[in-house]
Amino acid sequence: MFRAFTPVAIAAALSFVTVTASAEDAADAEAACTPDVFRLCSAYIPSEGKIVACLIRNKTKLSPACRKIFS
């Protein structure tokens, strides 16, 4: 059950960050940040707001691709 919510939660969380982005940009953000979500913020899945807050708190630990999304 946990795994079923994971892609949806991550996509929804990253859509907050990429509100003005195209669908392609949102997909790129999801691809860039999904590993970081699992590595740093898995305790907050499926809460979209908490995932985004966690990623922001851990900005210095994000992969370069995901960090670029948050800059």
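Helices (H or I, at least four residues) and strands (E, at least two) are DSSP runs, numbered from the N terminus. Residues are numbered from 1 along each chain as its sequence is written. This is a predicted model, in which local features need pLDDT of at least 70, side-chain atom pairs count only at pLDDT 80 or more, and totals for chains, interfaces and linings use all residues, while side-chain values use heavy atoms, with hydrogens and water left out.

**Whole chain**

Start with a cartoon of the whole protein. The secondary structure comes to 4 helices and 0 strands, and the pattern along the sequence is α-α-α-α. Colour by pLDDT, the predictor's confidence in each residue, from 0 to 100. The mean for the protein is 79, and 66% of its residues reach 70 or more. Confidence is lowest in helix 1 (residues 2–17), with a mean of 59, and highest in helix 3, with a mean of 92.

Buried means under 20% relative accessible area, exposed over 50%, and partly exposed in between (1.4 Å probe, protein chains only). Of the 71 residues, 31% count as buried.

Contact means heavy atoms within 4.5 Å. Among contacts with a separation of 6 or more in the protein, 51% are between residues 24 or more positions apart.

Select Ala26, which lies in helix 2. Ala26 has a relative accessible area of 25%, so this residue is partly exposed.

Move to Ala32. Not counting residues up to four places away in sequence, Ala32 touches Ser63, Ala65, Cys66 and Ile69.

**The disulfides**

Show the cysteine side chains. A disulfide is taken here as a pair of cysteine sulfur atoms within 2.5 Å. The whole structure holds 2 disulfides, and their pattern is 1-4, 2-3, with bonded cysteines counted along the chain.

Select Cys33 and Cys66, which are joined by a disulfide with an S to S distance of 2.0 Å. This pair links distant parts of the chain, with Cys33 in helix 2 and Cys66 in helix 4, 33 residues apart. The torsion about the S-S bond of Cys33 and Cys66 is about 105°, so the disulfide is right-handed. Cys33 is buried, at 0% relative accessibility, and Cys66 is buried, at 0%.

Then select Cys41 and Cys54, joined by a disulfide with an S to S distance of 2.1 Å. Cys41 lies in helix 2 and Cys54 in helix 3, so this pair ties together parts that are 13 residues apart in sequence. The link of Cys41 and Cys54 is left-handed, with -85° about the S-S bond. Cys41 counts as buried at 0% relative accessibility, and Cys54 counts as buried with a relative accessible area of 1%.

**The core**

A nonpolar core is a set of buried Ala, Val, Leu, Ile, Met, Phe, Trp, Tyr and Cys residues joined through side-chain atoms within 4.5 Å. Select Ala32, Cys33, Val37, Cys41, Ile45, Ile51, Val52, Cys54, Leu55, Leu62, Cys66 and Phe70; these 12 residues make up the largest nonpolar core. Helix 2 (23–41) and helix 3 (48–57) are the elements that give two or more residues to this core. In soluble globular proteins, nonpolar side chains tend to be buried together.

Now look down the axis of helix 3. Ile51, Val52, Cys54 and Leu55 are buried in helix 3. The buried residues of helix 3 fall within an arc of 160°, so they line one face of the helix; the arc is that of the directions from the helix axis to the C-beta atoms.

**Two loops**

Go to Pro46, in the loop between helix 2 and helix 3. The peptide bond from Ile45 to Pro46 is cis, with omega near 15°.

Finish at Asn58, in the loop between helix 3 and helix 4 (64–69). Asn58 counts as buried, at 14% relative accessibility. Leaving aside neighbours within four places in sequence, Asn58 is in contact with Leu40 and Cys41.
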